[in-house]
Amino acid sequence: MHYKVSMDTKTHDIIRFTCQIMTNEELWKAALGQIELSLSKANFITWFKNTSILSRDSGRVVVGVPNGFAKEWLENKYNLYIIKALKSLDPEIQDIKCSITPNNSRKFPPESFTKSMDGARPATNTAPPTPSGFSRKRITEKPVSATQNGEIFRSNLNNRYTFENFIVAENNELARAACFAVSQNLGHLYNPLFIYGGVGLGKTHLLQALGNEIVSKYPEKKVKYITSERFTSELVDSIKSQTVDQFKAAYEHIDLLIIDDVQFLSGREKTQNEFFHIFNALYQLNKQIIISSDRTPKAIPTLEERLRSRFEGGMIADISRPSLETRVAILETKAQERGMPIDPASIHFIAEHVKDNVRELEGALARVFAYSEFQKIPITLPLAQKALSDMLVQTKKSVKLDDIVKTVSDFYGIPVEEMIKKGRKKEVAHPRQIAMYLLRTELDASFSTIGDFFGGRDHTTVLHAVEKVTKNRESTLRIREEVASIREKLQLPVV
Amino acid sequence: MKLSCTQENLKAALSSLERVVGKQGTLPILSNILLETEKGRLRLSATNLEIGVITSIGAKINVEGRITVPAKLLINFIQNLALDQVVEINQSGTQVILQSGNYTVKINGLDGKDFPIIPEKGNGRSFSIESKVLHLGIQKTLFSVSLNESRPELTGVLMGFREGGVFLTTTDSFRLSEWQMRGRVEGDASFLENTQSPVIIPAYTLQEVVKVISQGNDLVQVVLEENQVFFEIGNTKIVSRLINGRFPEYQAIIPKQYSTTITLPKNEFQRALKIATSFSLYSSGEVVFRLNTEENHLEIHSQSQGIGEQVAKIPFDGVLSETMQIVFNPRYILEGVGALSGEQIIMSFNSPATPVRLSSTEDGEEYIYIVMPIRK
């Protein structure tokens with residue numbers, strides 16, 4: 001099946017319409033989404049972190065950047081990318097300008113220093129505050145926010161997630177049953193409980209549902225939900241302010257600790273070490289620990305052996321990809337929640353085409369709803385097809401060898417025959433190498449197959465080409481851009 | 001690029017860039033140093049995107065060029081060369097060949113055009129100050145900045161203007177130091193008095209500045225633009241962001257007068273504080289200062305359960321109005337004493353719950369260092 005984005009007037013109107021209602025924040029988010037595709041991750045993160053649109057006025061957009069370096073770089077090097085991305089969202093935008101707005105521009109409460117300057121007590125102090133002199137805010141102003149009592153026992157739970165609205169199916173039955181059983185018998189049944197499964201399949205939902213269940217059932221229990229990334233950064237903060245002991249002590253008072261996405265601990269030795277001690281302390285006290293990850297403990301690289309063996313010591317349950325029936329059930333439930341009528345054929349269409357990820361499934365449904373609301377026509381199969389057309393092109397498309405060679409040939413304006421022929425002129429050799437690189441990375445074609453295609457070249461020639469492009473992609477902006485735009489033409493994700 | 005310069009000059013330039021080079025950033029080029037030829041000189045730049053440093057040295061340029069080289073390799077090579085050697089730098093593609101005496105290295109670099117553009121000063125407001133004056137001012141205040149990132153405005157140094165002079169202030173909310181800089185100022189710095197947002201310079205920027213500036217009479221130019229500050233010292237330029245925030249209204253908490261003032265010998269005082277610190281470390285980090293009207297010495301006492309205790313008696317000059325017991329974190333006192341000039345330390349206070357001031361005759365009224373006691 002092959003869907004193509006057809007920009008008829010109606011869709012165009014919708015795009016225009018969405019632009020008008022887009023806030024600066026949404027516009028910038030959408031633009032960043034596009035810019036991200038044409039840059040390397042390192043560049044994107046370095047230069048676009050903490051940026052925002054400050055104002056938009058008669059075709060000129062002022063972008064707020066955190067420092068002078070970003071200002072120079074965005075204005076001089078990336079201006080064309082930014083303008084292109086913004087223009088595609090709002091054709092009126094012609095020009096950008098950057099202005100430095102430090103990221104810590106949060107509002108400062110107009111407090112007087114007499115209140116904020118604190119007693120010169122070291123951080124362990126908990127003596128009752130006195131209203132004289134410098135401070136009345138002693139405890140609340142203490143250095144590490146992470147280890148303050150109030151903060152650490154904030155459970156971080158989102159009460160939107162419950163067991164009731166979790167759709168049970170054969171792909172998640174085991175995991176759901178395990179979580180439910182744990183919620184009935186905290187700390188004794190399966191400890192630790194390790195849940196793994198792919199992105200967007202409901203790990204977080206299950207974990208949070210369990211947490212919420214405990215909070216509502218036993219309000220006195222201390223529940224903490226935290227992602228391993230957040231855990232790491234809190235630990236780092238506490239190391240900086242020399243309050244690691246308090247950090248650890250606070251964790252050791254928890255009754256139910258839920259660590260989400262534990263695979264991010266991979267390679268962080270110090271964090272793993274501290275986590276190990278917290279884990280042990282809780283385990284010995286029969287406190288419940290629940291861990292989630294996108295893969296099995298064995299498959300997490302550079303996870304310390306002792307942690308791995310402990311993760312494997314409890315119960316391991318997986319969540320796999322939902323079957324077609326499950327996907328239909330999910331869509332029906334979601335549609336019901338929103339109170340939107342949708343016909344079975346459309347549901348079936350969405351379920352058939354979005355396979356891997358429940359989050360994408362919901363996204364697709366939302367898109368169909370939005371489309372129908374804009375056009376003010378009820379949802380039918382053709383409407384659903386149209387609404388999802390460009391989304392599906394991206395997910396459906398698989399490239400063929402001929403497509404890649406043709407696209408590269410078009411891109412550089414060198415006929416395919418020329419690329420196959422012998423001849424090492426630079427204007428031919430370079431496109432040939434790029435084509436070889438893409439064939440290798442996209443199709444995983446063997447070096448000799450690629451060599452054969454290009455007029456019986458030796459496999460080492462191909463190997464050299466692939467290595468050269470891989471290396472140059474990292475070091476040379478131009479090569480990176482070329483590869484990115486060819487991939488874009490092939491409708492491949494531009495990494 | 002093809003040029004030659006002396007090892008000595010190159011080494012000096014690299015040492016002022018060394019600490020600015022990005023550490024484990026996401027962008028690999030940040031751990032490189034940019035070498036480029038400019039108007040018959042060799043210009044070197046480094047940045048970690050928080051602060052940027054540019055410096056230039058004399059060189060004999062044969063072919064112009066622009067290339068970045070991994071800082072570590074370059075610095076290591078240059079530092080290990082004998083003094084008074086000439087270094088030849090040759091660029092071939094993205095490779096840099098350095099040759100000096102018996103030694104040749106080839107280093108793989110990255111294209112210079114991918115290196116961040118370090119902002120240059122525009123037409124901001126500026127003044128110049130003698131470098132030794134700035135040097136002293138930074139030394140007197142930098143140590144009491146806050147290390148706690150949750151209040152960013154306290155992690156920097158406030159630069160302000162009062163009574164015809166530039167002053168620097170830092171506080172971590174437990175103690176505060178302010179130094180009114182005395183010395184030659186060229187240009188009008190009075191705009192610092194009524195800028196819309198206070199000028200708060202990140203502590204690490206001034207750490208770099210203090211390393212680059214000499215203690216001589218030459219002038220340091222300070223240029224302020226929106227959210228950025230530029231320091232220009234001879235051939236070296238430093239640019240940094242400013243910290244955005246409101247510095248606390250600290251004037252109100254500095255006591256106008258003190259009921260009691262005593263003078264202590266600096267050496268003895270420091271010795272006692274160091275001993276006390278080693279005991280207080282085990283407990284809550286508290287040290288008790290006892291002042292008895294019957295006696296003419298200051299008793300410094302600290303103890304730790306299960307470890308032991310310590311008492312020091314230091315004679316002082318001055319008259320006590322009442323018997324008093326004040327609790328301190330000894331580190332704050334010790335650091336303040338260390339920053340004061342002269343052999344005698346003056347300690348002024350009102351009560352066990354109000355700020356205590358440390359001063360010396362040598363530093364006079366220009367230096368204010370106050371510490372908040374721990375209240376019991």
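What is the order of the strands in the open sheet of three strands in chain A? The order is S1-S2-S3, and the pairing is mixed. This is a predicted model, in which local features need pLDDT of at least 70, side-chain atom pairs count only at pLDDT 80 or more, and totals for chains, interfaces and linings use all residues. Residues are numbered from 1 along each chain as its sequence is written, while chains are lettered from A and ligands numbered from 1 in the order in which they are written.

**The two chains**

- Chain A has 24 helices and eight strands; helices (H or I, at least four residues) and strands (E, at least two) are DSSP runs, numbered from the N terminus.
- Chain B has six helices and 27 strands.
- Of the 495 residues of chain A, 36% count as buried, a term that requires 20 or more other C-beta atoms within 10 Å of the residue's own, whereas 12 or fewer make a residue exposed and values in between make it partly exposed, with C-beta atoms placed from the backbone.
- In chain B, 44% of the 376 residues count as buried.
- Among contacts in chain A between residues at least 6 apart in sequence, 69% join residues at least 24 apart; a contact requires C-beta atoms, placed from the backbone, to lie within 7 Å.
- For chain B, residues 24 or more positions apart account for 68% of the contacts with a separation of 6 or more.

**The three-stranded sheet of chain A**

- In the sheet with the order S1-S2-S3 of chain A, the edge strands are S1 (52-57) and S3 (95-100), each of which pairs on one side only; two strands pair if DSSP finds at least two bridges between them.
- The twist of this sheet averages 25° from one strand to the next; axes are lines fitted to C-alpha atoms, for helices over the stretch in contact, and angles run from 0 to 180 degrees between N-to-C directions.
- Helix H4 (residues 68-76) of chain A packs on the sheet and touches S2 and S3 of chain A; the direction of H4 makes about 170° with that of S3(A).
- Strand S2 (residues 60-65) of chain A runs parallel to S3(A), and six bridges join them.
- Arg60(A) stands opposite Asp95(A) in S3(A).

**The four-stranded sheet of chain B**

- An open sheet of four strands in chain B has the order S23-S22-S21-S24, with antiparallel pairing.
- Its edge strands are S23 (308-315) and S24 (324-328) of chain B, each pairing on one side only.
- From one strand to the next, the twist averages 20°.
- Helix H5 (residues 266-280) of chain B packs on this sheet, where H5 touches S21, S22 and S23 of chain B; its direction makes about 165° with that of S23(B).
- Four bridges link strand S21 (residues 287-291) of chain B and strand S22 (residues 297-304) of chain B in the antiparallel sense.
- The bridge partner of Phe289(B) in S22(B) is Ile300(B).

**Strand S12 of chain B and its partners**

- Strand S12 (residues 156-162) of chain B pairs with strand S16 (residues 199-202) of chain B in the antiparallel sense over four bridges, and Met159(B) stands opposite Val199(B) in S16(B).
- S12(B) also pairs with strand S13 (residues 165-171) of chain B in the antiparallel sense, over five bridges, and Phe161(B) stands opposite Val166(B) in S13(B).
- The hairpin of S12(B) and S13(B) has two residues between the strands, and Glu163(B) takes a positive phi near 45° there.

**Helix pairs**

- Helix H23 (residues 459-475) and helix H24 (residues 477-489) of chain A have axes that come within 6 Å and cross at roughly 110°.
- The angle therefore makes H23(A) roughly perpendicular to H24(A); angles under 35 degrees count as roughly parallel, over 145 as roughly antiparallel, 65 to 115 as roughly perpendicular and the rest as oblique.
- Val469(A), Asn472(A) and Arg473(A) of H23(A) make the contact with Ile479(A), Arg480(A) and Val483(A) of H24(A).
- In chain B, helix H1 (residues 7-17) and helix H2 (residues 71-79) pack at an angle of about 140°, with their axes 10 Å apart.
- H1(B) is therefore oblique to H2(B).

Key. Two residues are in contact if their C-beta atoms, placed from the backbone, lie within 7 Å.
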